[in-house]
2 protein chains.
Amino acid sequence: LVERYLARYREVTQQAILAALPSKEPRRYLYDPVTAQITRGGKGIRPALCIATCRAHGGSVEQALQSAIAIELLHNSFLIHDDIEDGSWYRRDRPTLYTEHGTAIAVNIGDAMYALSMRPLIENLVVVGPDTTLGVFREIEHMLLQSVEGQAMELGWIRDNVCDLTTDDYLRMTLKKTCWYTSIHPCRIGALVATGNQMDLDRFNRFGYFVGAAFQIQDDVLNLVKDRGRYGKESMGDIWEGKRSLMLIHLLNHSEASDNERLRAFLALPRAGRSEREVRWVADQFTRYGSVDFARAVARELIEAAIDEFDVAYAVAPPSEDREFVRSIVDYMVQREL
Amino acid sequence: LVERYLARYREVTQQAILAALPSKEPRRYLYDPVTAQITRGGKGIRPALCIATCRAHGGSVEQALQSAIAIELLHNSFLIHDDIEDGSWYRRDRPTLYTEHGTAIAVNIGDAMYALSMRPLIENLVVVGPDTTLGVFREIEHMLLQSVEGQAMELGWIRDNVCDLTTDDYLRMTLKKTCWYTSIHPCRIGALVATGNQMDLDRFNRFGYFVGAAFQIQDDVLNLVKDRGRYGKESMGDIWEGKRSLMLIHLLNHSEASDNERLRAFLALPRAGRSEREVRWVADQFTRYGSVDFARAVARELIEAAIDEFDVAYAVAPPSEDREFVRSIVDYMVQREL
């Protein structure tokens with residue numbers, strides 16, 4: 001069910017984005033890379049959550065589609081800028097956009113996807129009327145601001161080599177960086193366009209937070225585990241970047257004095273000064289000190305909390321395949337392998 | 001008159017932006033640099049054009065203020081990303097934001113100013129009602145897309161070392177990169193919020209194009225002339241960057257074979273490979289081949305055209321100080337020294 005619905009809603013969103021892209025110059029420096037970025041696509045979790053939540057509350061695909069398009073475009077804008085900010089070389093098993101086109105053009109392409117998200121938000125007017133259209137703009141505004149705040153925290157921690165972080169710090173940052181735009185707002189907006197301004201949208205906040213945080217932790221675990229067998233700079237990017245994952249925070253707080261010193265010495269180096277040997281050593285410590293197990297356990301707890309919250313969030317949605325899909329996506333978040 | 005009105009409308013816009021900034025974390029990595037960026041400010045031409053055009057058509061400062069704020073925030077977002085894209089070290093006689101905070105955090109701060117521009121556009125609702133609010137969103141959407149298209153052209157020409165460009169290419173790129181967001185849309189939006197959807201806004205397009213293009217050419221000339229006495233990498237940044245200014249395009253099309261070859265060899269180098277000696281040589285060629293005089297002459301022609309078009313664009317605006325201010329800003333565009 002999960003795979004089928006994800007594929008269906010990803011397809012309808014992707015096709016609508018591609019159909020709406022301007023067919024004009026500048027192609028080579030703008031619209032061709034934008035098309036390539038959209039065509040490659042991702043899992044489409046965000047537009048799927050938006051469309052399914054809309055349908056689960058009596059709405060249609062059409063009512064949610066413009067908002068889903070905007071969310072997916074903004075997501076891609078974030079990804080392009082994130083990869084520049086993190087210095088990531090690979091995404092979805094391909095070179096990142098900025099390594100292919102250069103930083104200058106890639107920053108601008110990220111801006112372009114931001115700009116492109118505005119049209120569908122205006123197009124909402126025809127489908128859902130002016131009140132709901134402006135309501136969606138309010139949701140998007142909150143979503144954008146939360147996302148840049150979370151991103152600022154994560155980047156600041158890396159730049160200033162902040163090491164005294166707790167699980168709470170991590171979850172607060174992840175709520176901002178990931179949860180609002182990945183799960184909370186897609187659900188809120190889906191219900192908003194289905195029901196007009198009739199519903200208390202805050203009912204989705206806790207559910208979306210638990211799901212989004214579990215998603216992010218799983219993402220961090222996969223970044224490590226998937227690449228464990230590989231060698232070179234394409235593997236274990238999060239460690240190379242000094243990313244404050246839940247695993248790194250756990251390790252900083254639980255490793256013995258001598259290991260802790262070595263870990264801090266590693267993190268104090270600029271990225272270019274880090275060696276593959278030390279990166280692999282850090283990965284080994286994650287296993288040795290149970291940091292990966294800890295992260296997995298937190299993700300499972302969040303998933304359990306999300307399952308409880310699902311009944312609250314979707315209390316007024318009658319039984320339907322779309323409702324069931326959203327329910328099933330919760331487990332999918334930690335079972336997925338990519 | 002120009003200086004007085006610019007100062008007045010810049011002040012009201014800046015104060016409103018600062019008052020609306022979230023007073024919360026993350027300060028150090030986000031809101032402090034945003035505040036610093038806004039406090040330093042620029043000339044405030046864009047919000048001034050928007051507010052003055054609104055008042056000239058019977059509107060109030062209040063009717064235009066939220067849109068003016070959004071335009072100024074987006075302008076700052078562009079500047080921050082531009083400096084990263086161009087590799088510029090200095091702006092407004094200070095180190096650029098990314099040299100101070102690092103590229104990662106600076107990209108995110110640019111995104112944040114983009115995100116912050118959405119609130120005032122929604123706030124419009126209270127002041128000008130839903131139709132005009134959505135009308136302003138439509139204007140902003142067009143403005144953003146044109147700007148990223150123009151930026152893509154300029155960056156692409158530099159990256160691929162495109163040398164077969166004409167004055168027409170330059171003006172087409174400048175219309176997109178500069179004119180829509182610097183002059184055309186500020187005027188259009190000012191009239192829109194003053195009159196509701198009653199007016200044909202296209203009347204401002206030619207006027208705004210001529211003014212904006214003259215402004216950009218003057219900007220390029222000043223980048224060269226102001227810095228002519230200075231030494232080092234902070235001076236003549238446009239030449240270091242290989243920026244396709246009207247002067248460079250003129251020189252490429254008019255220098256003798258041996259000089260032309262040397263110029264193309266210079267442009268074929270990566271930025272880091274260019275020497276100060278060669279940069280100064282290029283600057284000398286601009287004088288020798290009359291490229292600066294040519295650019296100045298084109299700017300003057302554009303100013304004359306703008307003066308003619310002013311009467312068309314502001315035909316329905318009765319005499320007022322605000323109307324006179326907009327008329328006077330035309331000459332100011334090429335007389336300004338910074």
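A charge sits over a ring if NZ of Lys or CZ of Arg is within 6 Å of the ring centre and within 35 degrees of the ring normal. Keep that in mind for a moment. This is a predicted model. Here is a case of the definition at work. In chain A, the charged end of A:Arg274 sits over the ring of A:Phe266, and the distance to the ring centre is 5.2 Å. Chain B gives another example. There, the charged end of B:Arg8 sits over the ring of B:Tyr5, 4.6 Å from the centre.

Now the two chains together. How does chain B superpose on chain A? Take a rotation of 180°, with 0.0 Å of shift along the axis, and the RMSD is 0.0 Å. That is the relation of a two-fold axis. Which residue of chain B comes closest to that axis? B:Pro130 does, with its C-alpha at 3.4 Å. And the interface? Of the interface residues of chain B, 100% are also interface residues in chain A, so the copies meet through the same surface.

Next, some residues with contacts across the chains. Start with B:Glu149. It lies in helix H7 of chain B, residues 118–159. Buried or exposed? B:Glu149 counts as buried, because its relative accessibility is 0%. What does its side chain reach? It makes a polar contact with the side chain of A:Tyr31, at 2.5 Å. Leave out residues up to four places away in sequence, and B:Glu149 touches A:Lys24, A:Glu25, A:Pro26, A:Leu30, A:Tyr31 and B:Lys176.

A:Glu141 is in helix H7 of chain A, residues 118–159. A:Glu141 is buried too, with a relative accessible area of 6%. Beyond its neighbours within four places in sequence, A:Glu141 is in contact with B:Ala115, B:Met118, B:Arg119 and B:Ile122.

Then B:Ala112. This alanine sits in helix H6 of chain B, residues 103–116. Its relative accessibility is 1%, so B:Ala112 counts as buried. Residues up to four places away aside, B:Ala112 touches A:Leu145, A:Val148 and B:Leu30. Within its own chain, B:Ala112 and B:Leu73 are 39 residues apart in sequence, and 9.4 Å separates their C-alpha atoms.

For contrast, go back to helix H7 of chain A, where A:Asp131 has its place. A:Asp131 is exposed, with a relative accessible area of 56%. A:Asp131 and A:Asn197 are 66 residues apart in sequence, yet 7.7 Å apart in space, C-alpha to C-alpha.

On to the core. In soluble globular proteins, nonpolar side chains tend to be buried together. Here the largest nonpolar core holds 245 residues. Which members touch the most others? They are A:Ile140, A:Phe207, B:Ile140 and B:Phe207. Look at B:Ile140. Setting aside neighbours within four places in sequence, it is in contact with A:Met118, B:Ile71, B:Leu74, B:Leu121 and B:Ile189.

Ring pairs extend the picture into a cluster of A:Phe204, A:Phe207, A:Phe310 and A:Tyr314.

One more residue here. A:Ala313 is found in helix H14 of chain A. A:Ala313 is buried, at a relative accessible area of 0%. Leaving aside neighbours within four places in sequence, A:Ala313 is in contact with A:Arg203, A:Phe204 and A:Phe207. A:Ala313 and A:Gly208 are 105 residues apart in sequence, but 8.9 Å apart in space, C-alpha to C-alpha.

Key: Residues are numbered from 1 along each chain as its sequence is written. Chains are lettered from A and ligands numbered from 1 in the order in which they are written. This is a predicted model: local features need pLDDT of at least 70, side-chain atom pairs count only at pLDDT 80 or more; totals for chains, interfaces and linings use all residues. Side-chain values use heavy atoms; hydrogens and water are left out. Copies are superposed by least squares on the C-alpha atoms of residues with pLDDT of at least 70 in both. Contact means heavy atoms within 4.5 Å. Rings of Phe, Tyr and Trp (its six-membered ring) pair if their centres lie within 6.5 Å; planes under 30 degrees apart count as stacked, over 60 as edge-to-face and the rest as tilted. A nonpolar core is a set of buried Ala, Val, Leu, Ile, Met, Phe, Trp, Tyr and Cys residues joined through side-chain atoms within 4.5 Å. Buried means under 20% relative accessible area, exposed over 50%, partly exposed in between (1.4 Å probe, protein chains only). Helices (H or I, at least four residues) and strands (E, at least two) are DSSP runs, numbered from the N terminus. A polar contact is a pair of N or O atoms within 3.5 Å; within protein, one must be able to donate a hydrogen and the other to accept it, and residues adjacent in sequence count only if both atoms are side-chain atoms.
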